[in-house]
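Subject: A structure for you to explore

Hi there,

Here is the structure I promised to hand over. Have a look around it first, and then read on for what turned up.

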Amino acid sequence: MRLVPIPTSEYDEYRLKLMFDCYKWDPQFLDNNTVAKYALVITQEEHKQLARLTVALDKETREAEQFLNSNQHLAVPLKLTKQLLCDIKKMSNYDQEKHIRLTRYDFHPVSDLEGGWAISEVNSDVPGGFAEASLMPLAAIESIYKAQEKSSIMEKESYHIVSFGDVMIESVKKKVKAGGRIMMVHCTCYSDDRQVMQYLGDRLEAEGYEIIYGAVEHVNFKDNKAYSAMDGNEGQLDAVFRFTPLEWFKDIKPKRWRGYFDTETVSCNHPISIYAQTKRFPLVWDVLEDHGISMSTWRSLLPETVDVKRIVGRENYIYKPAYGRVGDGISIREALDIKEYEKIMKDVSRHPSRYVAQKKFTSIPLKGENGEEYHVCLGSYAIDGLHGGYYARISSTPRIDSNAADIPVLIEGGDSYDS
């Protein structure tokens, strides 16, 4: 794994291309540029290993959530909200074969003594980064090759990618009838949410599907079927692609939101995802394994994760909010100013059940061309149990949060831009 610079002569054009041609509408967070000036290049061997681990992790995750859904009394350690505990009872009709299951596992390079890789979590409910995992790598390859041609470099290093969009389209084709109507459900007031849905919606529309963009409240349910409630687009839906986090539903309070839990309409993602989305998921592994559900791949990659009360007075642990997203609220001391750190610790003390404690691992940074160091979070997708590509971010600190930059993932070797 290494960083390859986007040539300085091409970077500005590359960044503009991402914004106008590759659905990268949010190239900045506050004053921080979130488009990395590098590409992340992994070897064929690393790619094969990551793909294999991703598939193994996803198999365990899906088996675990199926078992928990049939034995919901065993999910108590997850500390699901009262509302969710009530709503998940409606999922008794869940059929894995009917729905599209999307996950993203976050890998971090660590020392060989620690196994080479650690994962920090799974983005189980509504993982994003679709265009960054599909179009961004192609734009990076184009910029690198263009600079090489201008420099008359004869021997070009070749790269290829795994396109998330290509893998997802194939999965949709298997489960949604040709020409079907699909609602892209997202928080319509956020452009960074819309860009995720727009990329996939445009891809699906090009395949002949009818695409409707709407919010959670624009879907109604009757007899376990989903219907569009948007003016001018009323009628039954053939699929719902949800990008609104499940735990936000209680604040949005759409009239018929419980229909998402027992719908037979093809869903990505179905609310079954909530079992693994909470960072307290590892707290049920012992029970799962007592019932024959292996979590061996998870155990080999995820640092020890325990209830907050179990590590009082012990060092070398960090605290993570159970429903945290984008790295926010994680107590990595060296990555935070003292005020933010103290705020997190105070909340952990007041609400321990809303957090988990995770043994700290040592992220191995990669060096840039001027010796600067970057920590990497390499998200690896699984779509219906198959490997679905990569979405990565880099940061100058070990905490990969909203300030991190998106970076394309390229695989060494290959004769074309295609996956």
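Let's begin with a term: a residue counts as buried when its relative accessible area is under 20%, as exposed when that value is over 50%, and as partly exposed in between. Please also keep in mind that this is a predicted model.

**Starting with Gln 198**

Is Gln 198 buried or exposed? Its relative accessible area is 15%, and the cut-off for buried is under 20%, so Gln 198 is buried. You will find Gln 198 in helix α6, which covers residues 191-206. If you set aside the neighbours within four places in sequence, the residues in contact with Gln 198 are Tyr 23, Trp 25 and Tyr 213.

After α6 comes Gly 208, which has a positive phi, near 100°.

Now turn to helix α1, residues 8-21. Its 14 residues reach 20 Å from the first C-alpha to the last, close to the 20 Å expected at 1.5 Å a residue. Which residues of α1 are buried? They are Glu 10, Tyr 11, Tyr 14, Arg 15 and Leu 18. These residues cover an arc of only 145° around the axis, so they sit on the same side of α1. On the face turned away from that buried side, you will see the exposed residues Ser 9, Asp 12 and Phe 20.

The buried residues of α1 pack against β2 (28-29), β3 (32-33) and α4 (136-150). Ser 143 lets you look at this from the α4 side, as Ser 143 lies in that helix. With a relative accessible area of 8%, Ser 143 is buried. Leaving out neighbours within four places in sequence, Ser 143 is in contact with Ile 6, Pro 7, Glu 10 and Tyr 14.

One more thing about α1: it is followed by Tyr 23, whose phi is positive, near 65°. Tyr 23 is also one of the contacts of Gln 198.

**Charged pairs**

Side chains of opposite charge can pair when their charged atoms come close. How many salt bridges are there in the model? The count comes to 30. Here are some to find:

- Arg 242 and Asp 125 meet through their side chains at 2.7 Å, N to O. Arg 242 is in strand β13 and Asp 125 is in the loop between β6 (117-123) and α4, so this pair ties together parts 117 residues apart in sequence. Both partners are buried: Arg 242 has a relative accessibility of 3%, and Asp 125 has a relative accessible area of 1%.
- Asp 384 and Lys 175 form a salt bridge at 3.4 Å, N to O. This pair links distant parts of the chain, 209 residues apart, with Asp 384 in the loop between β19 (373-383) and β20 (386-395) and Lys 175 in helix α5. Asp 384 is partly exposed at 23%, and Lys 175 is partly exposed at 22%.
- Arg 399 and Asp 401 pair at 3.0 Å, N to O. Arg 399 is buried at 4% relative accessibility, and Asp 401 is buried at 7%.

There is a network too: salt bridges that share partners join Lys 24, Asp 26, Glu 132 and Asp 406.

**A patch on the surface**

Finally, look at the outside. Tyr 190, Trp 248 and Ile 252 form a nonpolar surface patch, with about 270 Å² of accessible area together. Ile 252 belongs to helix α7 (residues 249-252), and its relative accessible area of 33% makes Ile 252 partly exposed.

Terms used:
Residues numbered from 1 in each chain as written. Predicted model: local features only at pLDDT ≥ 70, side-chain atom pairs only at ≥ 80, totals over all residues. Heavy atoms only, no water. Helix = DSSP H or I, 4+ residues; strand = E, 2+ residues; numbered from the N terminus. Expected span 1.5 Å × (residues − 1). Buried < 20%, exposed > 50% of the residue type's maximum accessible area, 1.4 Å probe, protein only. Arc of directions from axis to C-beta. Contact = heavy atoms within 4.5 Å. Patch = residues over 30% accessible without salt bridge, like charges linked within 9 Å, V, L, I, M, F, W, Y side chains within 5 Å. Areas by Shrake-Rupley, 256 points an atom, 1.4 Å probe, with all protein chains shown as cover. Salt bridge = Lys/Arg side-chain N within 4 Å of Asp/Glu carboxyl O.
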